[in-house]
Amino acid sequence: MFEGLKALPQDPILGLMMKFREDTNPDKLDLGVGVYKDEQGNTPIMESVHLAEQQLLITESTKSYIAPAGTILYNQRMRELVFGADHVVLKEGRIASAQTPGGCGALRMAAEFIQGCNADSAVWVSTPTWANHIPLLGGAGVTIKEYPYYDYEQNNVQFDAMLASLEAASAGDFLLLHGCCHNPSGADLNQEQWQAVTELCARKGLIPFIDMAYQGLGSGLDEDAYGVRLMADTLPEMLVATSCSKNFGLYRERTGTLFIVAGNAEQAANAGSQLFNKIRSHYSMPPSHGAAIVETILSDTGMNQQWQEELQAMRQRIQSLRKMLVQKITATGIDRDFSFIEQQFGMFSFLGITPQQVAQLQRDYGIYIVDSSRVNVAGLNDDRMDYFVNALVEVLRR
Ligand code: PLP
Ligand code: TYF
């Protein structure tokens with residue numbers, strides 16, 4: 001039966017990461033996969049995570065199964081982190097929460113939940129969006145529609161076109177938004193734009209579905225949650241998928257959360273039971289370790305403080321790398337404006353170079369970025385900045 005099977009293409013981003021590992025160029029530089037790197041080019045375990053793991057080693061008393069929804073305390077701490085401890089949806093109990101295997105698990109379970117609610121509901125995604133959104137949502141059978149988002153000429157959000165296109169959405173459709181640090185463009189909605197999208201959702205009966213994989217890496221933990229909190233203030237229903245991969249550096253531990261906000265506590269409980277049913281039929285229950293770390297950190301004042309300081313240091317380093325990158329490119333005298341990189345948020349921006357130029361960077365310099373010209377700014381450091389800028393300018397001048 002298997003002899004007729006054809007090989008399928010790899011995930012383009014993870015495939016690039018594997019290709020980088022095999023490259024023998026001593027100068028090679030990985031700016032592909034979205035993983036934070038420190039000044040030495042390493043992705044270290046955060047100190048607060050280490051502390052929590054040490055504590056868990058002593059206090060953890062069982063490896064018995066947990067519930068499909070994960071642990072009560074993790075879900076509570078994550079609700080407080082994402083919505084703010086005093087948010088009305090928490091007070092009114094209008095929220096169902098599930099600990100999930102990463103943000104990917106949250107997205108897929110959201111898609112399964114949507115299909116179970118109404119198979120006719122479409123999910124509208126930005127053009128472009130994170131490449132994985134398509135298989136994660138489409139794999140559940142959800143209909144995907146696209147709205148224009150990033151203007152490659154102006155290097156910012158084409159907001160009018162976005163709003164105009166969403167006029168074609170139907171009541172009960174879901175609107176996938178990136179909570180902060182848009183992947184792949186780094187171009188985020190500002191507060192007025194979030195307000196306008198919230199009004200659009202209210203007027204048209206659209207349900208926001210916010211993917212927030214980078215809380216704390218854009219402008220700050222609360223600042224980055226502005227859109228989520230505003231929409232939850234105003235609209236009766238929404239989905240929020242979050243990830244602890246980046247802000248806790250827990251990538252391989254597969255730690256995320258899915259929240260369903262509903263009109264009242266009873267509806268939230270019913271929606272939760274539907275979600276947990278989907279979870280049971282997929283993986284039964286989430287892995288424990290990453291969530292146990294997060295719950296330990298967020299429940300301890302000292303560790304929480306330390307984690308926030310470490311997160312702030314990562315955020316500030318990314319901001320300063322963005323600034324330095326623009327300064328260094330400008331200093332070469334090249335007749336091209338890259339200042340937008342400094343205005344954008346999170347790990348990623350588009351360089352706006354052609355696929356041929358992307359290929360040349362890889363072939364001639366061992367510099368790996370995604371074909372779309374998405375660069376992981378957080379993969380740069382002081383030592384490699386000049387190498388990268390020289391290569392970029394060289395390729396642009398050819
Ligand atoms: N959503 C977006 C936009 C992402 O960039 C990522 C990856 O980091 C995720 C979700 C989920 O990642 P993970 O499954 O590693 O938590
Ligand atoms: O976009 C990125 O690089 C990150 C990491 O299947 C990632 O979000 C990439 C691909 C993937 C899972 C995570």
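Good morning. The chain is divided into domain 1 (11-44 + 307-397) and domain 2 (65-299), with bounds taken from an automatic or database domain assignment. This is a predicted model: local features need pLDDT of at least 70, side-chain atom pairs count only at pLDDT 80 or more, and totals for chains, interfaces and linings use all residues. Residues are numbered from 1 along each chain as its sequence is written, while chains are lettered from A and ligands numbered from 1 in the order in which they are written.

The centres of the two domains, taken over C-alpha atoms, are 27 Å apart. Their contact takes 23 residues from domain 1 and 23 residues from domain 2, where contact means C-beta atoms, placed from the backbone, within 7 Å. On the domain 1 side, helix 13 gives the most, with five residues; helices here are DSSP runs of H or I, at least four residues, numbered from the N terminus.

Ala-110 and Ile-260 touch the most other members of the largest nonpolar core, which has 109 residues. Such a core joins buried Ala, Val, Leu, Ile, Met, Phe, Trp, Tyr and Cys residues through C-beta atoms within 7 Å. Buried means 20 or more other C-beta atoms within 10 Å of the residue's own, exposed 12 or fewer, and partly exposed in between, with C-beta atoms placed from the backbone.

Finally, helix 2. Which of its residues are buried? They are Ser-48, Val-49 and Ala-52. What covers them includes helix 12 (289-298) and helix 13 (301-331). The face turned away from that buried side carries the exposed residues His-50, Gln-54, Leu-57 and Ile-58.

Methods
Helix = DSSP H or I, 4+ residues; strand = E, 2+ residues; numbered from the N terminus. Contact = placed C-beta atoms within 7 Å.
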